[in-house]
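Please look through the sequence and the structure shown below before reading on.

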Amino acid sequence: MSRLHKLIYLAMLVAISLVIYIVELQLPSLIPVPGVKLGLANVVSLCALLIYGPSEAIIVLLLRVLLGSMLTGQMVSLAFSLSGGLLSLLCMIVLNKYFSNYISLWAISIAGGVCHNIGQLFIASIIVDTLKIYYYLPILLISGVITGYFIGLAADFISKHLKKMRIN
Amino acid sequence: MKKGNLIILVFIVLILIISLISIFILGSDATSPTVAKITVYGKLEKTIDLNDVKEPYDFEVTNGTGGYNVIHVEPGKICISDANCPDHVCVKKGYVTSKIAPAVCIPNGVMVEVDDPNAPEIDSLSQ
């Protein structure tokens with residue numbers, strides 16, 4: 001497939017993850033905890049990882065984070081999405097590359113989800129300059145596991161179908 | 001279940017248990033905290049002794065980049081009652097009653113915490 005084809009497909013993935021990200025931001029936070037974002041847009045980054053590979057996945061993620069904070073207008077959210085998304089994606093890249101024989105996709109995604117929330121807590125603790133914010137770690141761990149599991153399932157289905165469509 | 005799956009799950013459960021235990025230990029002393037501190041991006045804005053408050057009042061905290069939070073103080077209690085952040089997590093938190101669970105407005109960098117009087121501040125990151 002030509003570079004142009006690949007560029008177009010990656011651009012579409014970025015657009016899809018942007019839409020998911022923006023819609024998710026409109027959902028009211030159900031839990032009174034700072035930084036609990038469902039992180040649903042990470043489905044797309046995970047799909048990019050499964051279909052293309054680590055570099056493409058990182059590019060899709062960085063573009064979504066950059067454009068997402070430009071479109072929703074907050075510098076703070078850039079730091080959050082970046083640290084959460086990057087930590088989560090790097091963790092999943094490493095686990096996928098070296099351990100995929102020992103770990104199922106849903107477990108990789110759960111690990112990614114947990115890293116996502118830990119990354120967000122980390123940035124929050126730096127911005128507000130306190131360690132007390134780690135009080136919210138237990139509930140963020142649980143939400144990270146749950147969303148990670150569903151993101152893993154979704155990415156599994158989606159990437160299998162996309163591969164059949166031969167977009168790579 | 002694959003071996004790696006088990007390791008990941010056990011690891012996560014371990015972190016969960018450790019964090020729950022730490023919260024329980026750190027939060028379990030019976031003294032009730034009465035001194036409230038409001039910080040913006042780590043810088044102390046205001047200290048309020050909640051026992052000295054006779055009548056409820058509100059005041060506004062601005063963070064220098066257009067964000068504001070309204071802090072509501074009454075005798076013995078404090079909370080964030082309004083803010084211009086998008087998610088209002090800080091407002092939904094309600095009254096700040098425990099010294100390990102502050103009300104935090106991350107978009108505006110505002111934190112409202114309560115502590116015991118004379119307690120040394122042990123929970124800050126050094127710059």
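Chain B has an accessible surface of about 7000 Å², and 61% of that surface belongs to carbon and sulfur atoms. The model is a predicted one, and the values given here are computed from it. Of the 127 residues in chain B, 42% are buried. The chain contains 2 helices and 7 strands, and, read from the N terminus on, these elements follow the order α-β-β-β-β-β-α-β-β. Among the contacts in chain B with a separation of 6 or more, 33% are made by residues 24 or more positions apart.

The domain assignment of chain B gives domain 1, covering 1–30, and domain 2, covering 35–115. The C-alpha centres of these two domains of chain B lie 30 Å apart.

**A hairpin in chain B**

Strand β3 of chain B, residues 57–62, pairs with β4(B) in the antiparallel sense over 6 bridges. Within this pairing, B:Tyr57 stands opposite B:Val73 in β4(B). The hairpin of β3(B) and β4(B) has 5 residues between the strands, and B:Gly64 takes a positive phi near 85° there.

The side chain of B:His72 is joined to that of B:Asp58 by a polar contact of 2.5 Å, and to that of B:Glu74 by a polar contact of 3.0 Å. Leaving aside neighbours within four places in sequence, B:His72 is in contact with several residues, among them B:Pro56, B:Tyr57, B:Lys77, B:Cys79 and B:Tyr95.

B:Glu74 also lies in strand β4, which spans residues 68–74 of chain B. Not counting residues up to four places away in sequence, B:Glu74 touches B:Leu50, B:Val53, B:Pro56 and B:Tyr95. Although B:Glu74 and B:Glu55 are 19 residues apart in sequence, their C-alpha atoms are 6.1 Å apart in space.

**Salt bridges**

| Residue | Partner | N to O distance |
|---|---|---|
| A:Glu56 | A:Lys6 | 2.5 Å |
| A:Lys160 | A:Asp156 | 3.3 Å |
| B:Glu45 | B:Lys43 | 3.9 Å |

The side chains of A:Glu56 and A:Lys6 meet in a salt bridge. This pair links distant parts of the chain, since A:Glu56 is in helix α3 of chain A and A:Lys6 is in helix α1 (residues 3–26), 50 residues apart. A:Glu56 counts as buried at 14% relative accessibility, whereas A:Lys6 is partly exposed, with a relative accessible area of 27%.

A:Lys160 and A:Asp156 are 4 residues apart in helix α6 (residues 137–164) of chain A, so they are separated by about one helical turn. A:Asp156 is partly exposed, with a relative accessible area of 25%. In chain B, B:Glu45 is partly exposed at 40%, while B:Lys43 counts as exposed at 55% relative accessibility.

**A loop residue in chain A**

A:Tyr52 lies in the loop between α2 (42–51) and α3 (54–72) of chain A.

Terms used: Residues are numbered from 1 along each chain as its sequence is written. Chains are lettered from A and ligands numbered from 1 in the order in which they are written. This is a predicted model: local features need pLDDT of at least 70, side-chain atom pairs count only at pLDDT 80 or more; totals for chains, interfaces and linings use all residues. Side-chain values use heavy atoms; hydrogens and water are left out. Buried means under 20% relative accessible area, exposed over 50%, partly exposed in between (1.4 Å probe, protein chains only). Contact means heavy atoms within 4.5 Å. Accessible areas come from the Shrake-Rupley method with a 1.4 Å probe; for residues, only the protein chains shown count as cover. A polar contact is a pair of N or O atoms within 3.5 Å; within protein, one must be able to donate a hydrogen and the other to accept it, and residues adjacent in sequence count only if both atoms are side-chain atoms. Domain bounds come from an automatic or database domain assignment. Two strands pair if DSSP finds at least two bridges between them. A salt bridge is a side-chain nitrogen of Lys or Arg within 4 Å of a carboxyl oxygen of Asp or Glu.
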